[in-house]
Amino acid sequence: MAKEQNEIFLLRVATELCRPLECSLDERQRIEKNWAFYEDAGKLHAIYGLAPVRTLVAEEWNEDAGFVRLRTATTAATLDPRLAELTIGTPARAHGRDLVLLAHQKVRLRKMRGYVGHPVRLVRDGDSFRAEMTPLTLIHSFWGLLGPRIRLNPHLLFCTYFSGLDLDGDRVRLGYGINDNTLGFAELEFSELWPSAPITGTAAK
């Protein structure tokens, strides 16, 4: 277990090398996984957690000093207790006024652990969001559940770890890591991951 607090950085994808921006947030956990960044009303936001659903908004952006300062924008209780077991994996993507993302569930066996994916929909409810977890469990393959032949992480049973999400009309593209030693991509229909997610209006600009 790491003794020091880890940090979250933003890096602009560009043809020229850019300076990474450290994300500053009061009242955060010592060790973070991912924040699901998205844009809303011209401002940078992020989903910080799913239980409760906590959203962040950037209140100061300083590229010269190399930091972005965020604050809590909204907090909404989560009714589904399964969401407390999930950590955020991918960025959030707009689907109408709502957001969608891929999250991870940790599976434990003694000192070993594994990770599988779950699609999550964040339904806009006034100024905040209501999280809904679909019944799907996503893995790369059943063979992948046997774990890697050579374990770079001695505590890892298996993992399908989602980090990339892109929406293109009714198509969903996913990028993910497999057992900490290779990667995969998948393309699916939106209805395969979120079968009961009607579009709820126009995405905020």
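Guide: Helices (H or I, at least four residues) and strands (E, at least two) are DSSP runs, numbered from the N terminus. The model is predicted, so local features need pLDDT of at least 70 and side-chain atom pairs count only at pLDDT 80 or more, while totals for chains, interfaces and linings use all residues. Residues are numbered from 1 along each chain as its sequence is written, and side-chain values use heavy atoms, with hydrogens and water left out.

Visitor: Thanks. Where does Pro52 lie?

Guide: Pro52 lies in the loop between E4 and strand E5 (53-62). The peptide bond that leads from Ala51 to Pro52 is cis, and its omega is near 0°.

Visitor: Is Ala41 buried or exposed?

Guide: Ala41 is exposed, with a relative accessible area of 53%. The rule is that buried means under 20% relative accessible area, exposed over 50%, and partly exposed in between (1.4 Å probe, protein chains only). Asp180, at 46% relative accessibility, counts as partly exposed.

Visitor: Now the sheet. In what order do the strands of the open sheet come?

Guide: Six strands form an open sheet in the order E1-E2-E6-E5-E4-E3, with mixed pairing. Its edge strands are E1 and E3, each of which pairs on one side only. Two strands pair if DSSP finds at least two bridges between them.

Visitor: How does E2 pair with E1, and how with E6?

Guide: Strand E1 (residues 9-10) and E2 pair in the antiparallel sense over two bridges, and Glu22 of E2 is the bridge partner of Phe9. E2 and strand E6 (residues 67-76) run parallel and are joined by four bridges. Ser24 has Arg69 in E6 as its bridge partner, and Glu22 stands opposite Phe67 in E6.

Visitor: How many aromatic pairs turn up?

Guide: A search of the whole structure finds six aromatic pairs. Rings of Phe, Tyr and Trp (its six-membered ring) pair if their centres lie within 6.5 Å; planes under 30 degrees apart count as stacked, over 60 as edge-to-face and the rest as tilted. One of the pairs is Trp35 with Phe37, with centres 6.1 Å apart and planes at 45°, so it is tilted. Trp35 and Tyr48 have ring centres 5.7 Å apart and planes at 55°, so that pair is tilted.

Visitor: Which parts does the pair of Trp35 and Tyr48 tie together?

Guide: Trp35 lies in the loop between strand E2 (21-25) and strand E3 (36-40), and Tyr48 lies in strand E4 (residues 43-50), so the pair ties together parts 13 residues apart in sequence. Trp35, Phe37 and Tyr48 form one aromatic cluster. Trp35 counts as buried at 5% relative accessibility, Phe37 is buried at 15%, and Tyr48 is buried at 11%.

Visitor: What lies over the face of Tyr48?

Guide: Arg54 does, at 4.4 Å from the ring centre. A charge sits over a ring if NZ of Lys or CZ of Arg is within 6 Å of the ring centre and within 35 degrees of the ring normal.
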